[in-house]
Structures are given as structure tokens and as C-alpha cells.
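Please look through the structure shown below, with attention to the surroundings of individual residues.

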Amino acid sequence: MLINKLYVKKCKINRILNFKDLEIFIVLNKKKNFKRVEIYNILSQRFRLKGMARLFIKNLKYKFGGFCLTIYCKIYGSTDLIYINEPRHILERSSFIKNTMKIQRKVLKEKKNKSKNLFGSKKLKN
């Protein structure tokens with residue numbers, strides 16, 4: 001196993017919103033960068049979670065030298081709470097929801113100005 005030791009530095013339990021906010025420190029045997037999927041598997045085994053859906057990793061920080069890793073994560077009581085509490089751009093980054101194409105501001109303004117020039121039933125069609 002590549003992990004030598006796994007410590008939980010901080011653990012804040014929020015009983016109202018039903019999640020644990022954790023700061024985890026991992027000491028590694030060999031210099032290696034983990035993928036997020038590998039970290040999800042390690043932490044789900046450690047905290048006895050069924051599946052990775054309730055575990056939410058916010059940030060990963062490697063210390064200089066590469067033998068230490070700090071993970072900031074949250075463990076939710078249910079998957080519905082993730083969609084309520086987390087911002088949309090973070091959900092898109094961690095692939096909980098699909099990325100949506102944003103309409104440019106200029107296009108919206110052009111559409112608005114075009115609708116001003118139309119009258120009556122033509123305005124309703126646009």
C-alpha cells in the first residue's frame with residue numbers, strides 16, 4: 001500500500017445540515033500523485049461509505065517533496081444534500097451535474113434589442 005498513515009486533523013460535525021467537514025492528512029511511502037478516483041476509493045473504505053456519492057472532495061494539497069497530502073472533504077448524510085448546499089460551479093467541476101453552455105451577454109442584449117423593434121404578434125413569436 002502506498003499510504004503509510006492517515007490522520008484526521010479537523011472534524012466539524014454539522015447536525016442541522018447533516019454533514020461532516022474533514023481535514024485529512026496522509027503520509028505516503030513513495031512519491032506519487034493520486035487521482036481523485038483513487039482518493040475517493042481510499043476514503044470510502046476508511047469511513048465505511050457505500051459508494052462515492054456521499055463523499056465530496058473540495059481541495060487537495062501536496063506538500064513540497066511529495067510525501068504528504070492534505071485533503072479537505074465533506075461527508076454528507078444523503079446525496080440530495082450535496083445539490084442543496086454546494087455551489088453550481090463546484091458541482092460541475094466534480095461531475096455531479098453536466099456543464100451547461102452559458103449564453104454570452106452580447107447575444108442576450110441583441111435579442112432584447114431585436115424584440116423592441118417588433119410589434120404585436122411578431123413580438124410574441126420571438
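Leaving aside its neighbours within four places in sequence, Thr70 is in contact (heavy atoms within 4.5 Å) with Glu23, Ile24, Phe25, Asn59, Leu60 and Lys61. Thr70 lies in strand S4, strands being DSSP runs of E with at least two residues and helices runs of H or I with at least four, numbered from the N terminus. Thr70 counts as buried at 7% relative accessibility, where buried means under 20% relative accessible area, exposed over 50% and partly exposed in between, with a 1.4 Å probe and protein chains only.

This is a predicted model, in which local features need pLDDT of at least 70, side-chain atom pairs count only at pLDDT 80 or more, and totals for chains, interfaces and linings use all residues. Residues are numbered from 1 along each chain as its sequence is written, and side-chain values use heavy atoms, with hydrogens and water left out.

How many disulfides does the structure hold? It holds zero, a disulfide being a pair of cysteine sulfur atoms within 2.5 Å. The sulfur of Cys11 has its closest cysteine sulfur in Cys73, at 9.3 Å, which is too far for a bond. Cys11 is partly exposed, with a relative accessible area of 43%, whereas Cys73 is buried, with a relative accessible area of 0%.
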